[in-house]
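Please keep the sequence and structure open as you read.

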Amino acid sequence: MEEFLMKPKVDFAFKEIMTNKKARIGFLSAILKIKPEDIKETILLNTNLRKIHENDKQGILDVRLLMNNNTEIDIEIQLSELKVWADRSFFYLSKMYIDQIEQGQSYTIFKKCVSISILDFQLFSDTAEYYSCFHIWEDKRHAIYTDKVEFHVIELPKLPQELKENSDDILLWAKFISAERKEDFEMLASKNAYIESAYQQLQVISQNKEKRLEYEAREKAIRDHNQLMYEARMEGEKKGRKEGEIEGESRVNKLNLLLLQNKRYDDLEHSAKDSDFQKQLMKEYGIIND
């Protein structure tokens, strides 16, 4: 029987992998483009964001950590398509940013906040690039407004099928996160010592019975959610088609009545056979617009 291995892109598995210090350092080094030796410390933080007011929306992050005591990082994995992801990630980063300050403190206490989104869907339709990095810039001069916020987005469906000899570490980590086969994990681990640590951690947690039960429960919840979303979408499309058919029939009936009232019998017969002519008559009578 083939060895069971969790999928790193399932948030439960990824969070467990990030408990490995060496894996954390390697991942952050790749995404933030800094040398591993420059990452002196990485501390996992409480993933629940503080609520200022009772009615505030609760924020719960996947992985939240403090790096070098000067940068807070939120790592999120999203498997189901979410069109408003940019707004959601901005909301979470904003809450994380303001969570740092207490009443009476100076604004100088703010640490840099970084959002890393790993998405199993395409968020940006204007580019084939799988990795994007965003800052707050001035539109003309491209002068940075503040270096305290930064957004990184990895879109897994855009990953190239094959690796090149000079593939960078971001791509190696993205391929590791999206991998499912043992041979792929082993190949990637052979190319990067930090990914090797992540793979070793994945093997350990995959053989832990309690963690496997938690993982399978989370994977089932994701499948159930995706199925519910699919059924809701199909029902919406079915309802839309039905409403469209009813509206179309209503327009045709209205046109036929007007043609009869105006004794345009030839046009009535012609419109029944020619949809373009029928549309032309509907525009003429103001039933539809251009």
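**Helix packing and selected residues**

Lys-22 counts as partly exposed, because its relative accessibility is 39% (buried means under 20% relative accessible area, exposed over 50%, and partly exposed in between, with a 1.4 Å probe and protein chains only). This is a predicted model, in which local features need pLDDT of at least 70, side-chain atom pairs count only at pLDDT 80 or more, and totals for chains, interfaces and linings use all residues. Residues are numbered from 1 along each chain as its sequence is written, and side-chain values use heavy atoms, with hydrogens and water left out.

**Lys-22 and its partners**

- Lys-22 is found in helix α2; helices (H or I, at least four residues) and strands (E, at least two) are DSSP runs, numbered from the N terminus.
- Leaving aside neighbours within four places in sequence, Lys-22 is in contact with Ala-193, Tyr-194 and Ser-197, where contact means heavy atoms within 4.5 Å.
- Between Lys-22 and Ala-193 there are 8.9 Å in space, C-alpha to C-alpha, although they are 171 residues apart in sequence.

**Helix α4 with α6**

- Two packed helices are described by the angle between their axes and the distance between the axes.
- Helix α4 (residues 169–178) packs with helix α6 (residues 193–206) at an angle of about 15 degrees, and their axes are 11 Å apart. Axes are lines fitted to C-alpha atoms, for helices over the stretch in contact, and angles run from 0 to 180 degrees between N-to-C directions.
- α4 and α6 are therefore roughly parallel to each other; angles under 35 degrees count as roughly parallel, over 145 as roughly antiparallel, 65 to 115 as roughly perpendicular and the rest as oblique.
- The crossing of α4 past α6 is right-handed: a crossing is left-handed if the near helix is turned anticlockwise from the far one by less than a right angle, and right-handed if clockwise.
- Ala, Val, Leu, Ile, Met, Phe, Trp, Tyr, Cys and Pro count as nonpolar, Asp, Glu, Lys and Arg as charged, and the others, Gly among them, as polar.

**Helix α4 with α2**

- The axes of α4 and helix α2 (residues 21–32) cross at roughly 125 degrees and come within 8 Å.
- α2 and α4 are therefore oblique to each other, and their crossing is left-handed.
- The α2 side of the contact is made by Ala-23, Gly-26, Phe-27, Ala-30 and Ile-31, and the α4 side by Asp-169, Ile-170, Trp-173 and Ile-177.
- By class, the contact of α2 with α4 has seven nonpolar, one polar and one charged residues.

**Helix α4 with α5**

- Helix α5 (residues 182–191) and α4 have axes that cross at roughly 155 degrees and come within 10 Å.
- That angle makes α4 roughly antiparallel to α5, and the crossing of the two is left-handed.
- Leu-172, Lys-175 and Phe-176 of α4 meet Phe-185, Leu-188 and Lys-191 of α5 in this contact.
- By class, the contact of α4 with α5 has four nonpolar, no polar and two charged residues.

**Buried residues in strands**

- His-152 lies in strand β6 (residues 144–155) and counts as buried, at 3% relative accessibility.
- The side chain of His-152 makes a polar contact of 2.7 Å with the side chain of Tyr-131. A polar contact is a pair of N or O atoms within 3.5 Å; within protein, one must be able to donate a hydrogen and the other to accept it, and residues adjacent in sequence count only if both atoms are side-chain atoms.
- Leaving aside neighbours within four places in sequence, His-152 is in contact with residues including Ile-31, Leu-32 and Cys-133.
- Glu-76 lies in strand β3 and counts as buried, at 4% relative accessibility.
- A polar atom of the Glu-76 side chain lies 2.8 Å from the backbone nitrogen of Asp-62.

**Positive phi in loops**

- Lys-33 is not a glycine, yet has a positive phi of about 60 degrees.
- Lys-33 has its place in the loop between α2 and β1 (42–44) and counts as exposed, at 54% relative accessibility.
- Asn-68, in the loop between β2 (63–67) and β3 (71–78), has a positive phi near 55 degrees.
- Asn-68 is partly exposed, with a relative accessible area of 23%.
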